[in-house]
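Subject: Structure handover

Hello,

Here is the structure I promised to pass on. Please have a look at it before reading my notes.

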Amino acid sequence: MNASENSPPADSQSRLQRIKVVSRIGQALVLAVLVFNLGFSLMFSHWSSASQWTLRGGLMLAFNAVLLVWFWQWFQLFGQYGRGQIFDAPTIRRLKFLGALWIVGWLLVTAEHFAATPATTASTPLATSTLANPGTHPVSVVKHSVHFGFFSFDFGTGLDFGGLFAGAVIVIVAWIMDEGRKIKEEQELTV
Amino acid sequence: MNTPKKQTPTAVSLERIRKISRTLKLLLGFFFIAPMLMVGLAFCQAKAWPQGCTISGVHYATFSEVPAALRVMLALGLVWYVWTLVTCWQLLNLYGRGEIFSRANVRLYQRLGHLIFAGGLLQMVAQAAATGQFRLWPDTGSGSWIIGGLFVVMIAAIMEEGCKLREEQELTV
């Protein structure tokens, strides 16, 4: 029997080759960004002794750890694509995991934001001056301005909900893909 | 005899996909339309035009102070905003129809990737126009959107090839 009978046609082989090339470019890009991020955080982070560690520092450290895992998962995902596993269950599971990691990262950044913003106390200059002069009452002038920014879904809270939205969308799209894969498998079994 | 029809797993999965698409559409509407409604509400509550605006971190006392380049960026941003919304809506419509791994989907992923990339680029240029300084790695915001967009474009390109491969295999069988 001729061995070439079982091999995919030339057109399919060239497609697989193209997928491999794009996957390798993707892996190289992920590695470049990972190295850049690592170098950036090593150069500009203020490393202090353990006794000086704060909650904010801990949260940022956790965020950097999540970021590293996130890039590593991207690298693995492109590796799976390169092996031709495009619509397989493990690939879709990895996409879902990437979305979940994005949400975890967003939660850590949000927690860091709250840890960085000190709570306002009641003894503001306005309040103390009113106490000193009981006959006077404060008049507050509210100036309102509009903030414009791309991808800025903060709804006036100071938090960017865009990250949470993107993570949720990745998880849901991966879930839809998983359902689609199951349908296709069932259809193939029926045929 | 009237017995309740038992749904096949495929029908159950399709129904679930339809439901989740509808939920995503609601979420999308909330995220894209709510900010516009909130700005409108802020105008109505203040019963006056705002006394200033902050664009890409720079405060301007009046809108006439905003540089022309930045105004162009804002107009482009608005176009980008609507186009992204339309693309996401089209994608969800395809999901609702049960089309998940089709070429039409992949084309929309590709467009979405380009839009994410363009959004990050636009944000970077707007920041440069507002501050007058150009930084190659401006902030985590635009940088991550540019790279994220590139990743989405790459995945879409891989999926397109995967779709073609699948079609060829189906034809061979």
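The notes below go through the chains, the cores, the cysteines and one lysine.

First, the ground rules. This is a predicted model, so local features need pLDDT of at least 70, side-chain atom pairs count only at pLDDT 80 or more, and totals for chains, interfaces and linings use all residues. Residues are numbered from 1 along each chain as its sequence is written, chains are lettered from A and ligands numbered from 1 in the order in which they are written, and side-chain values use heavy atoms, with hydrogens and water left out.

Confidence

The predictor gives the complex an ipTM of 0.73 and a pTM of 0.74. Chain B has an average pLDDT of 79. That score is the predictor's confidence in each residue, from 0 to 100. In chain B, 80% of the residues score at least 70.

The two chains

Chain A has 5 helices and 1 strand. Here helices (H or I, at least four residues) and strands (E, at least two) are DSSP runs, numbered from the N terminus. The order in chain A is α-α-α-α-β-α, starting at the N terminus. Chain B has 4 helices and 2 strands. Its order from the N terminus is α-β-β-α-α-α.

Of the 191 residues in chain A, 32% are buried. Buried means under 20% relative accessible area, exposed over 50%, and partly exposed in between (1.4 Å probe, protein chains only). For chain B, the buried share is 42% of 173 residues.

Now contacts, meaning heavy atoms within 4.5 Å. Take those between residues at least 6 apart in sequence. In chain A, 75% of them join residues at least 24 apart. In chain B, the figure is 63%.

The cores

A nonpolar core is a set of buried Ala, Val, Leu, Ile, Met, Phe, Trp, Tyr and Cys residues joined through side-chain atoms within 4.5 Å. The largest one has 55 residues. Those touching the most other members include W74(A), F78(A), Y95(B) and Y109(B). A second, separate core has 7 residues, among them V66(B), M73(B), L122(B) and A130(B).

What does Y95(B) touch, not counting residues up to four places away in sequence? In chain A, Y95(B) touches V173(A) and I176(A). In chain B, its partners include I17(B), S21(B), I100(B), N105(B) and Y109(B).

The cysteines

The whole structure holds 0 disulfides over all chains. A disulfide is a pair of cysteine sulfur atoms within 2.5 Å. For C88(B), the nearest cysteine sulfur is that of C163(B), 19 Å away. C88(B) is buried, with a relative accessible area of 14%. C163(B) is also in no disulfide. At 2% relative accessibility, C163(B) counts as buried.

One lysine

K164(B) sits in helix 4 of chain B. Is K164(B) buried or exposed? K164(B) counts as buried, at 17% relative accessibility. Leaving aside neighbours within four places in sequence, K164(B) is in contact with R15(A) and R103(B).

Best wishes
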